[in-house]
Amino acid sequence: LPDDPDTIVAEAAILFREGHFAAAREKFLEALDIVGYQADLSYGLALCHFKLNANDYAINAVNDIIENEVRNHPELCVGSKEPGNLSVGNSATLQSTYLIEAFNLKAAIEHQSERLEEAKMALNDMPPRNENELDAVTLHNQ
């Protein structure tokens, strides 16, 4: 079905995997136009922008994810990675928000742009998790 959002997203994923980032970006945009904001689609869009070296657009997409998910899930304590804050764990809710992926991508973009303080801030703004709960990308970025 050509107008089915699931079909469009599947096409976007295949195009992305094959390295056709501009075409994948268009498919993610098409899907977002149909279904509205969804964290996973916005993250796919951000990745396409990143791969196309359109870092301003990638940061905008990442910031959209962060703003939407912070508003929708204040219990994830974004920006409160201070000693003594309890871990939010790796819940299904956290995974569905794509916050960890968004913050890691933001940190990568800032690091690539030699804005090291901003990259560090992006990592520190992630929802608090214990060290044994961190994913490989976050561990690498720290």
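Biologist: Helices here are DSSP runs of H or I with at least four residues, numbered from the N terminus. Which residue just after α6 takes a positive phi?

Modeller: Glutamate 114, with a phi of about 60°. Bear in mind that this is a predicted model.

Biologist: What span should α6 have, and what does the model give?

Modeller: At 1.5 Å a residue, its 14 residues should span 20 Å, and the end C-alpha atoms are 20 Å apart, which agrees.

Biologist: How many residues of α6 are buried?

Modeller: 10 of 14, which leaves the helix mostly covered. Among them are Leu99, Phe103, Leu105 and Ile109, but also Asn104, Lys106 and Glu110.

Biologist: Which residues have the most contacts inside the largest nonpolar core?

Modeller: Val62, Ile66, Leu94, Leu99, Phe103, Leu105 and Ile109, in a core of 22 residues. At least two core residues come from each of α3 (39-51), α4 (55-72), α6 (99-112) and α7 (116-124). The most come from α6, which gives 7.

Biologist: And what is leucine 99 in contact with, leaving aside neighbours within four places in sequence?

Modeller: Ile65, Ile66, Glu69, Leu76, Val78, Leu94 and Pro127. There is also another core, apart from the largest one, with 10 residues that include Ala12, Leu15, Ala31 and Leu45.

Biologist: Switching to α7. Which of its residues are buried?

Modeller: Ala119, Ala122 and Leu123. They cover an arc of only 95° around the axis, so they sit on the same side of α7. Glu117 and Lys120, on the other side, are exposed.

Biologist: Charges next. How many salt bridges are there in the whole structure?

Modeller: The search finds 4. One of them joins the side chains of lysine 27 and glutamate 11, at 3.0 Å from N to O. That pair links distant parts of the chain, 16 residues apart: lysine 27 is in α2 (residues 21-35) and glutamate 11 in α1 (residues 5-17).

Biologist: Is lysine 27 buried, exposed or partly exposed?

Modeller: Partly exposed, because its relative accessibility is 22% and the buried class needs under 20%. Glutamate 11 is also partly exposed, at 32%.

Biologist: What does glutamate 110 pair with?

Modeller: Arginine 115, with 2.5 Å between N and O. Glutamate 110 counts as buried because its relative accessibility is 8%, while arginine 115 is partly exposed at 34%.

Key:
Residues numbered from 1 in each chain as written. Predicted model: local features only at pLDDT ≥ 70, side-chain atom pairs only at ≥ 80, totals over all residues. Heavy atoms only, no water. Core = buried A, V, L, I, M, F, W, Y, C linked by side-chain atoms within 4.5 Å. Buried < 20%, exposed > 50% of the residue type's maximum accessible area, 1.4 Å probe, protein only. Contact = heavy atoms within 4.5 Å. Expected span 1.5 Å × (residues − 1). Arc of directions from axis to C-beta.
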